[in-house]
Every structure is written in structure tokens, then in C-alpha cells.
Amino acid sequence: MAIVGVMLVGACTPGEGPDSIPLPTSADTTTTSTTSTTTTTTTTTTTTLVPPRLTATIKRTTDGVPHISGPNLESVAYGQGWVSGEDHGCTLIDQIIKVYGLRSDVLGPGSDGENVESDFAWRAIDIVGTATADYDAASDKVVEQFEAFTEGWNDQLADAGSDGLVGWCNGAEWVRPIQPVEVYVYARSLALLASSARFADFIPTAQPPQPEEPLSFAPRSPVDDSPAPDFTALEPLDVGSNGWAVGSDRTETGTGGLLVANPHFPWEGELRFAETHLTIGDEIDIYGAQLLGVPGIGIGFTEGVAWTHTVSAGKRLTAYLLTLDPESPTSYLVDGESRPMTSIDHTISILRADGTVDEETRTLWSSEYGPIVDFPGLGWTDSLVLSFRDANINNNEFIDQYLDMISVQSMDDLQAVHAKHQGVPLFNTVATGADGRVWYADTAATPNLSDEAEQLFVDKLFTDPITQIAYDNGVVLLDGSDSRFTWEVVPGARDDGLVPYADMPMVERTDYVFNANDSFWVPSDEFTLDGSFSILHGEQNSPLSMRTRQNAAVLAADNRTGLAGDDGNFSGIELRDAVFDNTGHAAELLLDAAVAACSLTPVFKVGELLAADETVALPAELVDLTPACSILARWDGRYDLDRAGPLLWREVLNRFSNDERTRTGTLFSDEFDPLRPTLSPAVPAEDSTPLLAALARAVQTLTKAGFHLDSTLGAAQFTERSGTRIPIHGGTGVDGVTNVVQWSGSGSSTEPAPTRGDSVAPDSALRGEGFPVNYGSSFVMTVDYTGDQVQAWAILTYGQTGDRESPWFEEQTTRFSEKNWREVAFTAEQIAADPNLTEHILEVR
């Protein structure tokens with residue numbers, strides 16, 4: 001056994017870098033490393049009479065999972081900061097530079113000036129100003145946590161040196177020590193993911209119209225005086241999840257509870273998770289995962305309670321269409337009264353290719369609601385412009401809540417923390433406890449409209465096309481000239497203008513609850529959560545996604561999928577294995593009808609299909625459906641690696657819109673029934689022509705891409721890890737598979753990452769290389785309280801490190817591909833018995 005004690009020495013000379021951020025020398029830090037595979041003993045000691053101020057022990061087990069322990073919060077936060085820098089050092093500093101609007105200064109303008117636009121956007125959002133003021137007033141406990149985390153990150157940087165970092169920024173001049181407030185600001189920016197961040201692209205170009213020169217001639221065409229915002233320009237929020245909680249009424253033993261956490265998040269960039277185990281003395285013992293670069297645990301379990309999150313279907317902002325004062329385009333009318341906008345001049349530095357730095361200044365504007373935006377289709381005219389108000393911009397409670405959640409020991413504790421802080425920014429919570437209770441709650445920050453305002457908005461949904469289009473794209477559009485649409489202030493809310501905890505949808509039971517990103521209304525196959533909840537929390541009496549319906553089928557009391565075993569009640573292993581069952585709900589409902597149709601019509605004629613550039617993507621021809629029909633007839637509807645059929649069927653489904661896949665019409669003949677929301681619509685339409693046409697296009701598309709019609713899913717669906725192509729099971733939301741894997745363009749990291757080719761044909765997800773995956777099931781965990789002690793299994797699908805040369809970068813992706821769950825090492829005995837155990841002790845004096 002090797003025991004090595006060394007002093008960490010600063011990697012840089014103090015005084016380099018920004019004047020306001022002194023580089024650490026770490027001359028008072030002692031580290032001890034222990035591994036179980038070395039037999040040579042070397043010892044270096046440092047004699048000091050000063051006891052350590054911080055002591056953190058980092059034990060890593062299989063797959064590099066860190067178990068961080070210490071006598072107090074600061075020690076453990078220090079260790080977590082060290083690990084953050086060690087595993088993903090580049091991500092945090094990259095995101096700090098982003099939210100502070102400094103990318104142009106250190107990276108240059110970027111492709112097509114993207115860094116310039118990003119810098120101006122984040123400066124206008126000003127989470128830096130808001131969060132900095134909150135940090136100055138934060139509790140001692142919060143400050144201690146962020147100071148210690150930052151100190152650990154900086155000391156690891158000093159130990160490794162800027163040229164010894166893991167990741168793409170290794171050796172970059174812009175890598176530097178960070179400040180606690182910067183980490184806090186970045187953590188706060190994560191709460192804006194479903195609000196300000198979605199509008200960021202449209203903020204930096206918002207400029208008031210300039211007076212026009214008088215024309216000496218008549219214009220050729222009349223000026224359009226009725227512009228309308230094009231809300232289809234908004235990028236979809238590519239984060240989702242499944243969360244399952246099974247109570248004692250549905251467990252095999254009749255005791256305890258079970259939980260499945262299955263967040264669907266990117267596999268590249270800043271929105272990845274880090275798996276972590278934190279132990280503070282005898283008081284706190286929590287296991288789970290947290291987004292990269294921030295302290296604590298976001299999804300996890302203790303000895304008494306486990307929880308996960310899914311992205312809420314509710315709204316985190318409201319947009320306001322402002323009617324401008326005819327006398328001034330920088331003033332707007334509310335109830336006929338003119339109100340001036342405010343403006344701030346923002347100046348950014350831009351690093352040029354030749355090493356010179358110049359500056360650009362823009363004046364950006366805000367209304368009483370928030371930033372003015374240059375929205376496509378509307379812009380900023382003499383009469384109209386768009387603004388928005390963000391429910392999470394002032395959410396400092398977000399930080400306090402997750403700090404308190406690391407110490408919860410029971411369902412009551414978890415609920416009390418939610419009620420106290422109301423800090424959940426954009427998630428549902430799905431939880432279970434050792435006592436067998438389960439809980440579903442949508443406590444995400446939600447704007448509070450008065451009953452009158454909400455009715456006015458609902459009326460507009462049926463009468464105003466612009467309001468309808470906005471809503472279809474996830475935006476509540478309100479009339480900014482009418483004060484009735486100002487958020488209503490009521491007692492009990494976290495901040496003025498938000499829905500209070502007492503009015504949020506939630507339910508506690510002992511059978512089961514779940515969520516798969518549809519609204520709160522259907523948390524179970526057994527009942528609906530009806531009530532006078534705001535439409536901004538989500539719709540009631542509305543059709544569900546195929547994925548939600550498959551989640552319901554898996555957990556339903558009638559056990560119609562058979563996944564709960566012969567007794568209809570789940571063991572931990574049965575629930576765990578159900579996560580990767582990979583049955584597609586759309587196939588369950590429509591596959592037989594498609595096979596029957598193509599059996600009767602083995603040849604189908606399709607017309608020419610043009611690409612966006614007017615070239616022929618797929619030709620007009622008679623398509624022989626016989627081989628495809630035979631393949632689909634043999635397929636069992638599961639998206640496993642060895643199955644032939646998923647490639648064809650996905651191409652069929654992609655030819656239909658979401659409404660066609662979920663409502664009566666093209667694919668289904670029966671009406672959606674609010675009394676049977678998980679079971680309707682379900683009757684295939686009598687006219688099979690659309691299915692046949694889609695199958696013909698699927699045949700053409702696979703053939704054009706060079707795939708045999710009977711190619712297995714494993715031959716086409718893959719992810720790339722360090723140049724290795726790893727086959728990936730699972731499906732998409734369109735397929736109706738609970739285990740989601742697909743491609744996403746979301747994320748704001750500057751890290752180079754794998755790309756994909758062009759689609760083979762319009763409405764196709766298939767590329768020449770197949771179906772590449774960079775998003776979906778991420779930190780997947782099953783927790784079992786039905787035995788004598790808590791048991792858990794987990795997979796972090798993309799691995800624990802950002803080092804693309806490390807075995808850890810791809811080992812868990814292979815584990816996921818093989819459905820090879822890792823048993824979580826939670827107890828001291830389990831950790832000590834791990835065959836890959838290493839130990840690293842950090843002491844700071």
C-alpha cells in the first residue's frame with residue numbers, strides 16, 4: 001500500500017491573470033493518495049503544529065465515482081470542488097465566462113459573431129448583477145459552501161497547472177482561478193434554462209427604429225403594418241425525463257418504496273451530470289448526481305428518502321406584446337399611460353485574430369417586465385415590440401433549497417424543504433421514502449395571473465392566431481398594454497407575482513406516481529390530478545404524449561406490460577429492468593394496422609419529394625412494400641440492439657406531426673377521452689393510406705442511406721466516444737419509448753464535440769451514418785427501500801470524466817449499451833469492498 005503525502009504548490013505566479021482574482025499558491029494544502037494496487041511504500045511528511053482547517057477524503061470506486069467525506073460542510077464542498085476541477089475542469093470556467101459576457105474577450109468573436117451576441121445577451125439578462133447582490137446577502141452556510149467549493153477547484157487547478165487540466169481548455173490562456181461569487185452566479189443561471197436562456201438569441205439585436213428619411217418617390221409595395229412574432233423560431237427546450245416512484249402498496253414486499261430517476265439530458269456540454277456521494281460526519285449521507293460545476297446534489301437519495309426531477313410542462317415566463325407610444329418608440333402604453341423604457345450601455349472587448357483587442361458598445365433596453373427582444377417576424381416597429389418577465393431571475397431560494405436538501409432524512413423533511421424555500425426552478429419532483437409513501441409535486445416557479453387575466457388569456461387562445469402559435473411553441477403571450485396581465489401578488493409566494501406553494505399541484509399516495517414531462521394532470525394511470533390550477537402550470541383534459549402513455553402502461557395497477565412480474569407488484573430488480581424494456585408505445589397501437597395494410601397493398605406509388613434546395617430528395621416511384629411488411633410483422637415493437645424493425649418504424653412515425661400522433665384524425669379514429677387519458681386515442685384510422693405512404697417513404701429513405709431494410713437498431717443507432725462507435729438501444733419521444741436516446745443541438749459549451757451529417761430526406765432523422773445519439777437517458781438510477789437497508793443501481797451513460805482519452809469516458813457508455821447496471825456503493829463496507837477503490841486525502845491548513 002502506497003501512502004504519499006505531498007505539498008501542493010501553485011501552478012502560476014501570483015499576480016498573473018485578472019488583478020481582482022489572486023492566483024492560489026496552495027502552500028498550506030497537504031494531499032495523501034492511497035491506491036489498492038501499489039505495494040511500494042513512499043512517505044513524505046510535512047511537520048506543522050496547525051491542525052487542518054479542511055479535511056476531505058475522496059474515495060473513488062468503479063467507474064470513477066467519487067465518495068467525498070469530511071467532518072463538516074466546508075470540507076466536503078472543498079472535496080467536491082476539487083473533483084469538479086479534476087473531472088470537468090474546463091466546463092465551469094467556460095460557463096462562468098459565458099454568463100459574465102466575456103467570451104469575445106478571451107475567445108474572439110466566434111463564428112458569425114456568436115460570442116459577441118452571447119456576451120451582449122447575458123449582460124442584458126444581468127444574472128451577474130442580480131445574483132451578486134443576492135450573494136452579498138446570502139446566509140453564512142451558503143457562502144461557506146461556495147467558498148469551500150471554489151477553493152477546492154482552485155487548488156486542484158494549482159496542483160495540475162493550467163496545462164494539466166482535463167478537457168479541451170488544457171493550456172488555454174483564459175483558464176484562471178475563479179471566485180466563489182462566480183460559481184454562485186453560474187449556479188443561478190441554470191435556473192434560467194427554460195426562461196431567459198430561451199430568449200437570449202433575440203436580445204442583443206433589439207434596437208429602436210430610426211426615423212426614416214422622406215422618400216422622393218413612392219415605394220414599390222405597401223409597407224406591412226401588421227407584423228407578428230414568429231414563435232416557431234424558438235429552439236425547443238431539449239431537456240426531459242421520466243420519474244417513477246412506487247409505494248408500499250405496489251412493492252413486492254408490501255413495505256418501503258422504489259424510485260427510478262431517468263433524466264433525459266445532453267451527453268455533451270455543460271448540462272451533463274456528475275455522480276457523487278457526499279458524507280458529512282454522522283449527520284449527512286447522500287448519494288446522487290449534480291450538474292457539472294456546482295456543489296451539492298440535485299437528484300439523489302439518503303437512508304430515508306429518494307427523489308428525482310422531471311422538467312415541468314408549466315411556464316417559467318410570460319411574454320408581453322408592448323404597444324408603443326406614438327410619440328416615442330422607447331416608451332410603451334399601459335392602460336393608456338405612457339411608460340418609458342430603461343436603457344444601459346454595454347461595452348464588451350473583442351479579441352481579434354491578430355491578437356489585438358477592440359471594443360463594441362450597444363445600448364440595450366428593458367421594460368418593467370424585462371429585456372426588450374428583437375423577435376423574428378416582429379422586430380421593433382414604431383408601434384410594437386416584445387418583452388418578457390422571468391419567474392426565476394430572482395430565485396435565490398433555489399440555492400438555499402438544494403443546500404438544505406442534502407440533509408433530508410424522510411419524506412416529511414423533503415416536503416418541508418420544498419414548502420419553506422419554493423426554490424425549484426423548472427422541475428417536477430417525484431419522490432419515495434423508506435416508509436412506503438410516494439409524492440408527486442410540480443413546485444416549479446410559475447407566474448401568477450389573476451382569475452380574470454387567465455380567462456382573458458384562455459379566450460385569446462381560441463380567437464387570436466398569434467397567441468395560439470406562441471402557446472404551441474411554449475410561450476404565454478400577454479397584452480402588455482393591459483395592466484390586468486400584471487402578475488398578481490398573493491400571500492405565501494416565494495417572490496411577488498408567483499404561484500404560492502399552497503396552490504401548486506401535488507399528491508401523496510402509497511401506490512405509485514410518475515411524470516414524463518406532460519402536465520401535472522396525469523401522475524398515474526389510476527387517477528387524474530384535477531383542480532383549479534393555473535393553466536401556466538399545465539393543461540388538464542389534454543392528450544398525452546406516446547412516452548407518457550408508455551410510462552403509465554409500465555406502472556399501471558393492471559400490469560398490462562407484465563413488467564411487475566406474476567404478482568403485479570414490483571421488486572427493485574423488476575422496476576430497474578423495466579427502465580430499459582424499450583417497448584415503443586406507438587408500435588403497440590399502430591404496428592398491427594400498418595402490417596395489415598401493407599399485406600393487402602404490397603405496392604404503393606409515391607410522388608417526388610423535394611429537398612429545401614428544390615433538388616429531388618426521394619423520387620416518384622412504385623415502392624415494393626413486401627420486404628418491409630414482412631420485417632415489421634416479425635418485430636415485437638422493442639427498440640433493442642438486436643431488433644430489425646425500429647429503423648423502418650421510426651421513419652414511418654417521423655412523417656406525422658405531434659398532433660397526428662396524439663389526436664383523432666390521420667392515425668386514430670377514436671376521440672381522446674379525458675376519463676381514459678392514458679388509453680385514448682387508440683383505435684387505428686380506417687384509412688390506411690397515410691401509413692402506407694409513410695412506409696413507402698421509409699423504404700426509400702433507408703435504401704438511399706445504404707441500410708438494408710432488415711438492419712438491426714444496433715447497426716444504425718450509436719454514439720461516438722473517443723472515436724469509438726458504441727451501439728445504443730432505446731428510442732425517441734416520437735417512438736413512445738421510455739428510454740429516450742436521440743440527437744440534440746442544445747447547449748452553450750465551447751467544447752468541440754462530435755457532429756452529425758445531413759438528413760437523408762425531409763422529415764427523416766436518419767443520416768448517412770445512421771442515427772447518432774448525443775442526448776437522452778443520462779444519470780439513470782434505481783433506489784430500493786424494500787429490504788433491510790437501502791439498495792441502489794446506477795449508470796451515468798456518458799461517464800464521469802470529460803477526458804476523452806480516459807477509459808472512464810466510454811466505460812459507462814458501454815455499460816449502458818449492455819444494460820449492465822452498476823450496484824451503487826453506498827455503505828462504508830460496500831465502498832471498502834470495491835475492487836477499483838482509490839483514496840485521496842486533502843488537508844488544508
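The chain has 845 residues and a radius of gyration of 28 Å, which agrees with the value near 28 Å for a compact globule of that length. The radius is taken over C-alpha atoms, and the globule rule is 2.2 Å times the number of residues to the power 0.38. This is a predicted model, in which local features need pLDDT of at least 70, side-chain atom pairs count only at pLDDT 80 or more, and totals for chains, interfaces and linings use all residues. Residues are numbered from 1 along each chain as its sequence is written, and side-chain values use heavy atoms, with hydrogens and water left out.

**Overall build**

- The C-alpha trace spans about 85 × 80 × 55 Å along its principal axes.
- The chain holds 21 helices and 35 strands. Both are DSSP runs numbered from the N terminus: helices are H or I with at least four residues, strands are E with at least two.
- Of the 845 residues, 58% count as buried. Buried means under 20% relative accessible area, exposed means over 50%, and partly exposed lies in between (1.4 Å probe, protein chains only).
- Take the contacts between residues at least 6 apart in sequence: 70% of them join residues at least 24 apart. A contact means heavy atoms within 4.5 Å.

**Nonpolar cores**

- In soluble globular proteins, nonpolar side chains tend to be buried together.
- A nonpolar core is a set of buried Ala, Val, Leu, Ile, Met, Phe, Trp, Tyr and Cys residues joined through side-chain atoms within 4.5 Å.
- The largest nonpolar core has 167 residues. F199, W244, F273, F301, L414, L555 and V783 touch the most other members.
- Helix 1 (residues 73–99) gives the most to this core, with 12 residues.
- L414 touches V305, W307, M405, V408, A431 and W439, leaving out residues up to four places away in sequence.

**Cavities**

- The whole structure has 8 cavities of 30 Å³ or more. A cavity is a set of points, on a 1 Å grid over the protein atoms alone, where a 1.4 Å probe fits but cannot get out; lining residues have an atom within 4 Å of a point.
- Grid points are joined across faces, edges and corners, and a volume is the space filled by probe spheres set on the points.
- The largest cavity has a volume of about 380 Å³. Its lining has 28 residues, with Q290, L291, G298, F398 and Y402 nearest the centre.
- Helix 8 gives the most to that lining, with 4 residues. The lining of the largest cavity has 21 nonpolar, 7 polar and no charged residues.
- Ala, Val, Leu, Ile, Met, Phe, Trp, Tyr, Cys and Pro count as nonpolar, Asp, Glu, Lys and Arg as charged, and the others, Gly among them, as polar.
- The second largest cavity holds about 130 Å³ of space. Of its 15 lining residues, Q80, V83, S84, A274 and T276 lie nearest the centre.
- Helix 1 supplies the largest share of this second lining, 5 residues. By class, the lining has 8 nonpolar, 6 polar and 1 charged residues.

**A loop residue: L679**

- L679 sits in the loop between helix 17 (658–662) and helix 18 (689–705).
- Its relative accessibility is 34%, so L679 counts as partly exposed.
- Beyond its neighbours within four places in sequence, L679 is in contact with R549 and R560.
- L679 and R549 are 130 residues apart in sequence, yet 7.3 Å apart in space, C-alpha to C-alpha.

Notes:
On a 1 Å grid over the protein atoms alone, a cavity is a set of points where a 1.4 Å probe fits but cannot get out, and a pocket is an open set with protein on both sides within 12 Å along at least five of seven lines; lining residues have an atom within 4 Å of a point.
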